[in-house]
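Visitor: I would like a close look at one part of this model. Please keep it brisk and give me the cut-offs as you go.

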Amino acid sequence: MKRAAAAAKINLGLVVGPLREDGRHELVTVYQRVALADRIAVARAPELRVDGFPDDTLVRRALQAVADDGVTFAARIQKKIPVAAGLGGGSSDAATALRLANDLRDQPLPEEHLDEVARALGADVPYFLRDGPQLGSGDGTRLEPLELPQDYWILLVIPRHERKQGTGEVFAAFDARGGAHRYEERRAELLSALDGVRRPRDLAALPPNDLA
């Protein structure tokens, strides 16, 4: 059995653009982990099973993606990250389960394969396979390391008994009110603010359609 923490994330900056042909939105965002975390345990098992969080779908799909040749996995999720709060708990759980299960394989899959699986699971999932802050572009899965200060505290305030709308509903409302207006200008402002902390590529020099 292997165990690990699955940290939450916040978006220190987020600029959302138009809807893409693949059904996701063009965006630029700054991903940052926080100390709040779920706990994930994964072990080999006779059948695929996920315990501890009945609403899970992503962890199950992650385990299915790395099961092979009769090797299946069981996972237990200990939830600490509030659900549907924009903190990436489901994505983090899936990425953590994916990595733990892969480590338990007789022949672990290469990182490139895990990245492909993560992108198929969701736009935030690949971020949780990386270390440190990242600049996300395209649909959020194209990642570039950032060198950001880490010596500060973050206070999360989540109203009791409140639950945000599903991501699909939020983006539908965004599209309905024309939220992508001035996307290029706002994107450029965010990238300009990050000058000096990006490495090694300069995304500001790329046209938006090259970020897909």
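Is aspartate 139 buried or exposed, and at what relative accessibility?

Guide: Aspartate 139 is buried, at 10% relative accessibility. Buried means under 20% relative accessible area, exposed means over 50%, and partly exposed lies in between, with a 1.4 Å probe and protein chains only.

First, the ground rules. This is a predicted model, where local features need pLDDT of at least 70, side-chain atom pairs count only at pLDDT 80 or more, and totals for chains, interfaces and linings use all residues. Residues are numbered from 1 along each chain as its sequence is written, and side-chain values use heavy atoms, with hydrogens and water left out.

Now the partner. The side chain of aspartate 139 meets that of arginine 24 in a salt bridge, at 2.8 Å from N to O. The two residues sit in distant parts of the chain, 115 residues apart. Aspartate 139 is in the loop between strand 5 (134–137) and strand 6. Arginine 24 is in the loop between strand 1 (2–19) and strand 2 (25–45). Helices (H or I, at least four residues) and strands (E, at least two) are DSSP runs, numbered from the N terminus.

Why pair at all? Side chains of opposite charge can pair when their charged atoms come close. The rule here is a side-chain nitrogen of Lys or Arg within 4 Å of a carboxyl oxygen of Asp or Glu. By this rule the count comes to 13 salt bridges.

Take two others. Arginine 49 and aspartate 51 meet through their side chains at 2.8 Å, N to O. Arginine 49 is partly exposed at 36%. Aspartate 51 is partly exposed too, at 22%.

Arginine 99 and glutamate 111 form a salt bridge at 3.3 Å, N to O. This pair also links distant parts of the chain: arginine 99 is in helix 2 and glutamate 111 is in helix 3 (residues 111–121), 12 residues apart. Arginine 99 counts as partly exposed at 27%. Glutamate 111 is partly exposed, with a relative accessible area of 40%. Elsewhere, salt bridges that share partners join Arg20, Asp22 and Glu26 into one network.

Helix 2 itself spans residues 89–104, which makes 16 residues. From its first C-alpha to its last it reaches 23 Å, close to the expected 22 Å. That expectation is 1.5 Å times one less than the number of residues. Helix 2 is mostly covered, with 13 of its 16 residues buried.

Alanine 67 gives a view of another loop, the one between helix 1 (58–66) and strand 4 (72–78). Its C-alpha is 8.2 Å from that of alanine 101, though 34 residues separate them in sequence. Alanine 67 is partly exposed at 27%. It touches Thr72, Phe73 and Arg105, leaving aside residues up to four places away in sequence. Contact means heavy atoms within 4.5 Å.

Alanine 41 is in strand 2. It counts as buried, at 13%.

Two backbone angles deserve a check. Alanine 84 has a positive phi of about 55 degrees although it is not a glycine. It lies in the loop between strand 4 and helix 2. Arginine 182, also not a glycine, has a positive phi of about 65 degrees. That residue is in the loop between helix 4 and helix 5 (183–193).

Last, confidence. pLDDT is the predictor's confidence in each residue, from 0 to 100. The protein chain averages 89, and 92% of the residues score at least 70. Over residues 202–212 the pLDDT is below 50, and this stretch has 26 contacts in the model beyond near neighbours in sequence.
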